[in-house]
Amino acid sequence: SNLGSLESRLGRPEEAARAYADAIRIQGELVAKAPQQTKHRNDLAVSLNNLGFLQTQEKKLDLAVATFERARAILAQLVAEFPETLTYHSSLGGTYN
C-alpha cells in the first residue's frame with residue numbers, strides 16, 4: 001500500500017497499519033473474486049510483507065511472524081505455479097530477510 005508506506009515514513013504507525021489493513025482487505029476480496037489473477041495475489045503478499053515490517057518496527061513480533069507467514073505462503077504458491085517468474089522467487093526470498 002502506497003498510503004501505508006507514506007504514513008509509516010511520516011512516523012504515523014497507527015495510520016499506516018490502518019492503510020495496510022484496508023489494502024489487505026481489498027486485495028483479499030480481489031483474490032477471492034479472481035484467484036487466477038496473479039497480480040492480485042502478488043499485491044496481497046506485498047501488502048502483507050509491508051505490514052509485517054511495520055509490526056516488526058512496532059515490536060509486535062508475534063503479529064509480524066504471522067503476517068510474514070501469510071505473505072510467504074502466497075508467494076510460495078506463486079513460485080510453485082509459475083517457477084519461471086523470477087520476481088516471485090525474489091519476493092519469496094525477501095520474506096525470509
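Is T95 buried or exposed? T95 is buried, with a relative accessible area of 10%; buried stands for under 20% relative accessible area, exposed for over 50%, and partly exposed for what lies in between, using a 1.4 Å probe and protein chains only. Before we go on, please keep in mind that this is a predicted model, in which local features need pLDDT of at least 70 and side-chain atom pairs count only at pLDDT 80 or more, while totals for chains, interfaces and linings use all residues. Residues are numbered from 1 along each chain as its sequence is written, and side-chain values use heavy atoms, leaving out hydrogens and water.

**Around T95**

T95 sits in helix 5 (residues 86–95); helices here are DSSP runs of H or I with at least four residues, numbered from the N terminus. A polar atom of the T95 side chain lies 2.6 Å from the backbone oxygen of L92. Leaving aside neighbours within four places in sequence, T95 is in contact with N49, A71, R72 and L75, where contact means heavy atoms within 4.5 Å. Helix 5 also holds S90, which is exposed, with a relative accessible area of 54%. S90 and E58 are 32 residues apart in sequence and 25 Å apart in space, C-alpha to C-alpha.

**Helix 3 and its partners**

Helix 3 (residues 38–57) has 20 residues and reaches 29 Å from its first C-alpha to its last, close to the 28 Å expected at 1.5 Å a residue. That expected span is 1.5 Å times one less than the number of residues. Among the buried residues of helix 3 are R41, N42, L44 and A45. The buried residues of this helix pack against helix 1 (2–9), helix 2 (13–33), helix 4 (61–81) and helix 5.

Two of these pairings are set out here.

| Helix pair | Axes | Angle |
|---|---|---|
| Helix 2 and helix 3 | within 9 Å | roughly 160 degrees |
| Helix 3 and helix 4 | 8 Å apart | about 155 degrees |

The axes are lines fitted to C-alpha atoms, for helices over the stretch in contact, and the angles run from 0 to 180 degrees between N-to-C directions. Helix 3 is roughly antiparallel to helix 4, and helix 2 and helix 3 are likewise roughly antiparallel to each other; the term applies to angles over 145 degrees. The crossing of helix 2 and helix 3 is left-handed, and helix 3 passes helix 4 in a left-handed crossing too. Left-handed says that the near helix is turned anticlockwise from the far one by less than a right angle.

Which residues do the touching? On the helix 2 side, P13, A16, A17 and Y20 are among those that meet helix 3, whose own contributors include H40, R41, D43 and L44. The contact of helix 3 with helix 4 involves, among others, T38, R41 and N42 of helix 3 and L61, L63 and A64 of helix 4.

T38 is found in helix 3. T38 and L78 are 40 residues apart in sequence and 7.5 Å apart in space, C-alpha to C-alpha. Not counting residues up to four places away in sequence, T38 touches L78, F82 and Y88.

K59 is placed in the loop between helix 3 and helix 4. K59 has a positive phi of about 65 degrees although it is not a glycine. Most residues other than glycine have a negative phi. At 67% relative accessibility, K59 counts as exposed.

Technical notes: Helix = DSSP H or I, 4+ residues; strand = E, 2+ residues; numbered from the N terminus. Polar contact = N/O pair within 3.5 Å; in protein donor to acceptor, adjacent residues only side chain to side chain. Parallel < 35°, antiparallel > 145°, perpendicular 65-115°, else oblique.
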